[in-house]
Amino acid sequence: MRIGIGYDIHRFDGRRPLKVGGIRIPSARGLAGHSDADVLLHALADALFGAVGAPDLGEQFPSSQARWRNADSRRFIEAAMRRVRRGGWTVGNVDATVIADAPRLTGQKRRIVASISRLLGVATGCVSVKAKTTEGFAPGKAGMAAQAVVLLVPRGRTR
Ligand code: MG
């Protein structure tokens, strides 16, 4: 087995749509970033890359490169999953936390879990997404943060 951890944080930017976990979330504000700023998928990609000992997201998809401008972060997860599969692994389970005071994600969690489970090729029961507020502390209303832990298991082994 292999384990990986990922973390990310983005500031709010009023001009962009908000994407969390690969889906659009109804919100007056999106997040600033070079790609589509999907904070949860960035944390998840780093957890996957970390689990297989690959270079991190920023190293593989640098914001200095114009080709990743406004990039759909699902591409990052697909790239990470290619590394995972190449290593003979598959995802056992994912546990993630999104930290934000607004918007409240409680009503969106089921959609986010479905999106991530599709991207990883696992059952929805293998994906946990939790939403926490900061009770007004940083990043509070200024942005959103996310943490993700992933466990990889040898491909082909029943879980
Ligand atoms: Mg990021």
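Predicted model: local features only at pLDDT ≥ 70, side-chain atom pairs only at ≥ 80, totals over all residues.
Let me start with Ser-35, which sits in the loop that links strand 4 (30–31) to helix 1 (39–51). Its relative accessibility is 7%, and because buried means under 20%, Ser-35 counts as buried. If we set aside the neighbours within four places in sequence, Ser-35 is in contact with Arg-16, His-42, Trp-68, Asn-70, Ala-71, Ser-73 and Phe-76.

One of those contacts, His-42, brings us to the metal site, where the magnesium ion is coordinated by the ND1 of His-42 together with Asp-8 through OD and His-10 through NE2, at 2.1 to 2.2 Å. Along the chain, the donors of the magnesium ion follow the spacing D-x1-H-x31-H, and both Asp-8 and His-10 are buried.

Now to the sheet, and to strand 5, residues 89–99, which is mostly covered, with nine of its eleven residues buried. On the one hand, strand 5 is joined by ten bridges to strand 7 (residues 143–154), the two running antiparallel, and within that pairing Trp-89 stands opposite Pro-154. On the other hand, six bridges join strand 5 to strand 6 (residues 127–132), and these two run parallel, with Asp-95 having Ser-128 of strand 6 as its bridge partner. Between strands 5 and 6 the chain passes through helix 4 (residues 109–120), in a β-α-β crossover that is right-handed.

Note on methods: Residues numbered from 1 in each chain as written. Heavy atoms only, no water. Helix = DSSP H or I, 4+ residues; strand = E, 2+ residues; numbered from the N terminus. Buried < 20%, exposed > 50% of the residue type's maximum accessible area, 1.4 Å probe, protein only. Contact = heavy atoms within 4.5 Å. Pairing = 2+ DSSP bridges. Right-handed = clockwise from strand over helix to strand, strands pointing away. Donors = N, O, S within 2.8 Å, 3.2 Å for Na, K, Ca; no water.
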